[in-house]
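Have the sequence and the 3D view open side by side.

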Amino acid sequence: MNKEILDNLLKDIGENRFNHTLRVVKESKKLAKIHNIDMDKAITSALLHDCAKFEDKNKLLNMAYDFDIMRNNIMKLNNHLIHAPLGAILAEYKYNVLDKDILNAIKYHTTGRRNMSQLEKLTYIADYIEPARKFNGIEKVRQLAYLDLDKSTLLAMDESLIFLINNDRIISKDTFEAREQLIINIYFKEEMNE
Ligand SMILES: [Fe+2]
Ligand SMILES: [Fe+2]
């Protein structure tokens, strides 16, 4: 991994988030191998997925306004969502990532979206199951992650939705669309192909 990128990340996101990032990279490598997904893309997506999760929250908000991310109302109402689309912008312009699939894996790593690519699901799940995570029901998501990315992503999304609902948080429609697509992939593939 490029030392300059690592130095920049550590400076921007702080030690805790940086260590989380390294665990996500490790988990992504494991998943890429199992599911036969491009290893370099998996590593880059994981490395940069939280690159905009600045320790300095004012910096995050100011940049979000500068890059016009706050035009989307949901970003104002759930600040936690900002770092993902902002991260995709930084990945492109600060870290010179050109690959669309990597940029989308970063952009949608918190909400998911309809028709997620294998790389997008991998990044979403690696972030969710890295070893320090202790969410409700995480063991089942971990087991499924090594067997079936669709089923594992669906379960992780459902656990997140339950949390968001129980805490009266604003939910992105992208998550509902992602979920709908995953259910079609898992249960209705044949019907859709008829
Ligand atoms: Fe994140
Ligand atoms: Fe993360």
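Start at the metals: Asp50 bridges the iron ion (ligand 1) and the iron ion (ligand 2), which lie 3.5 Å apart. This is a predicted model, where local features need pLDDT of at least 70, side-chain atom pairs count only at pLDDT 80 or more, and totals for chains, interfaces and linings use all residues. Residues are numbered from 1 along each chain as its sequence is written, chains are lettered from A and ligands numbered from 1 in the order written, and side-chain values use heavy atoms, without hydrogens and water.

Which protein donors hold the iron ion (ligand 1)? They are Asp50 (OD), His83 (NE2) and His109 (NE2), at 2.1 to 2.2 Å. Donors are N, O and S atoms within 2.8 Å of the metal (3.2 Å for Na, K and Ca); water is not among the atoms, so sites may look incomplete. Asp50 sits in the loop between α2 (39-48) and α3 (57-66), and His83 in helix α5 (residues 83-93), so the pair ties together parts 33 residues apart in sequence. Helices are DSSP runs (H or I, at least four residues), numbered from the N terminus.

Asp50 is buried, at 1% relative accessible area. His83 is buried too, at 3%. Buried means under 20% and exposed over 50%, with partly exposed in between (1.4 Å probe, protein chains only).

Now the loops. Most residues other than glycine have a negative phi. Asn96 has a positive phi of about 60 degrees, and is exposed at 58%. Asp168 has a positive phi of about 50 degrees, and is exposed at 73%.

Terms used. Helix = DSSP H or I, 4+ residues; strand = E, 2+ residues; numbered from the N terminus.
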